[in-house]
Amino acid sequence: MRIDKFLSEQGIASRKEAAKAAKGGGVLVNGTPVKDLSTHIDPENAQVVYLGRKVEYQQFIYVMLNKPEGYVSATDDKSLPYVTKLLPEELQKRELFPVGRLDRDTVGLMILTNNGQLAHSLLSPKHHVEKEYRFTAKVPMREGVEREFENGVTLADGYECKSAKIILDEDRMGGIITLTEGKYHQIKRMVAASDNRVMSLERISFGGISLDTSLARGEWRYLTKEEITSLEQQAKKQ
Ligand code: URA
């Protein structure tokens with residue numbers, strides 16, 4: 001990989017900034033100043049120092065995004081805004097993708113990574129990874145819905161959902177639903193099965209990671225080491 005590409009993909013410097021730093025001897029590869037940034041390096045083994053700072057190569061990147069309404073859970077779309085567009089250019093180059101989908105009108109926690117294997121395990125039904133959603137309903141949720149959710153709701157198409165937890169607000173006009181699976185429009189269809197309608201939906205946690213409430217809709221941050229460890233553990237859970 002070219003050195004300037006390496007530096008920009010790691011989020012260290014744009015190609016222009018890197019060229020300026022290299023001119024002044026600020027880019028070292030294995031201890032030697034490199035002026036020509038088209039030189040190729042092996043990103044996993046080269047020791048790169050940029051303006052006195054050692055650059056650690058990170059193969060995998062993990063990001064938390066507070067998804068706003070109106071964005072599709074995709075890495076590309078011809079006509080609609082899509083979630084990876086909310087990341088800075090350097091990160092867009094790292095080809096992150098969303099771990100699971102949220103509907104276009106659903107907001108909240110979305111994890112993005114370029115670690116395909118981890119994403120695959122987290123989404124596998126085998127691992128029962130918990131997702132929590134805060135919802136509001138059109139009319140009060142009917143009596144006994146807690147038991148119905150616990151026993152497994154049958155959707156209009158006959159699919160029998162796994163046991164889920166619902167904790168309602170006092171007025172029963174919404175609450176928190178916890179799922180361990182992720183079928184298409186699942187919450188909306190579960191609520192519809194109890195003769196009601198979802199009016200708003202927000203994912204507030206995924207695999208033990210809670211949405212960082214300091215992030216406004218559309219903002220993102222890197223996951224912490226603890227959060228990455230938590231995801232790795234969830235991906236192994238039986
Ligand atoms: N369930 C839904 O109905 N929609 C989502 O976006 C997520 C869960």
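Analyst: This is a predicted model. Start with Y57, which has a relative accessibility of 26% and counts as partly exposed.

User: Why is Y57 called partly exposed?

Analyst: Buried means under 20% and exposed means over 50%. Y57 has 26%, so the residue is partly exposed.

User: Is F6 buried or exposed?

Analyst: Buried. F6 has a relative accessible area of 1%.

User: What makes F6 and Y57 a stacked pair?

Analyst: The structure holds two aromatic pairs, and F6 with Y57 is one of them. Their ring centres are 6.0 Å apart, and the limit is within 6.5 Å, so they pair. Their planes stand at 25 degrees, and under 30 degrees counts as stacked, so the pair is stacked.

User: Why does the pair of F6 and Y57 tie parts together?

Analyst: F6 belongs to helix α1 (residues 3–9), while Y57 sits in the loop between β4 (53–55) and β5 (62–67). Those parts are 51 residues apart in sequence, so the pair ties them together.

User: What makes the pair of W220 and Y222 edge-to-face?

Analyst: The angle between the planes is 85 degrees, and over 60 counts as edge-to-face. Centre to centre, W220 and Y222 are 5.1 Å apart, with the limit at within 6.5 Å. W220 is partly exposed at 24% relative accessibility. Y222 is partly exposed too, at 42%.

User: How do you know that β3 and β4 pair?

Analyst: Two strands need at least two bridges. Strand β3 (residues 48–50) and β4 have three bridges, in the antiparallel sense. In β4, V55 is the bridge partner of V48.

User: What makes β2 and β4 edge strands?

Analyst: The open sheet has four strands in the order β2-β1-β3-β4, with antiparallel pairing. β2 (32–33) and β4 each pair on one side only.

User: Which helix gives the most to the shell around the ligand?

Analyst: Helix α6 (residues 186–193), with three residues. The shell divides into four nonpolar, three polar and two charged residues.

How values were computed
Residues numbered from 1 in each chain as written. Predicted model: local features only at pLDDT ≥ 70, side-chain atom pairs only at ≥ 80, totals over all residues. Heavy atoms only, no water. Helix = DSSP H or I, 4+ residues; strand = E, 2+ residues; numbered from the N terminus. Nonpolar A, V, L, I, M, F, W, Y, C, P; charged D, E, K, R; others polar. Buried < 20%, exposed > 50% of the residue type's maximum accessible area, 1.4 Å probe, protein only.
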